[in-house]
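Please work through the exercises below with the sequence and the structure in view. Each task is followed by a worked solution.

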Amino acid sequence: MEFLRSLSAIRYYAVVALLIYGVFLWAGLNGVRLLGDDNENPEGSRTTSSRGGHARFYHK
């Protein structure tokens with residue numbers, strides 16, 4: 001019983017962590033990008049490669 005009482009001090013952190021995990025899980029299953037996008041090209045660039053328009057990864 002003492003162990004359960006000691007866990008009550010971190011229950012709010014556990015709830016917030018589970019909520020954040022749930023949001024990322026939901027977003028992943030629904031294809032929603034929360035952190036960034038899939039745009040591999042810098043703004044305004046034109047790609048003329050033989051790979052059908054796929055450029056190398058551009059890191060901003």
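**Exercise 1.** State how many helices and how many strands the protein has.

*Solution.* In this predicted model, the protein has two helices and zero strands.

**Exercise 2.** Classify Ala27 as buried or exposed, and find its contacts beyond four places in sequence.

*Solution.* Ala27 is located in helix H2. Buried means under 20% relative accessible area. Ala27 has a relative accessible area of 2% and is therefore buried. Once neighbours within four places in sequence are left aside, Ala27 is in contact with Val32 and Leu34. For the protein as a whole, 2% of the 60 residues count as buried.

**Exercise 3.** Describe the nonpolar surface patch that includes Val16, and classify Val16 by its accessible area.

*Solution.* The patch has an area of about 880 Å² and is made by Val16, Leu19, Ile20, Val23, Phe24, Trp26, Val32, Leu34 and Leu35. Val16 has its place in helix H2. With a relative accessible area of 47%, Val16 is partly exposed. The accessible surface of the protein comes to about 6000 Å², and carbon and sulfur atoms account for 61% of that surface.

Definitions and conventions: Residues numbered from 1 in each chain as written. Predicted model: local features only at pLDDT ≥ 70, side-chain atom pairs only at ≥ 80, totals over all residues. Heavy atoms only, no water. Patch = residues over 30% accessible without salt bridge, like charges linked within 9 Å, V, L, I, M, F, W, Y side chains within 5 Å. Areas by Shrake-Rupley, 256 points an atom, 1.4 Å probe, with all protein chains shown as cover. Salt bridge = Lys/Arg side-chain N within 4 Å of Asp/Glu carboxyl O. Helix = DSSP H or I, 4+ residues; strand = E, 2+ residues; numbered from the N terminus. Buried < 20%, exposed > 50% of the residue type's maximum accessible area, 1.4 Å probe, protein only. Contact = heavy atoms within 4.5 Å.
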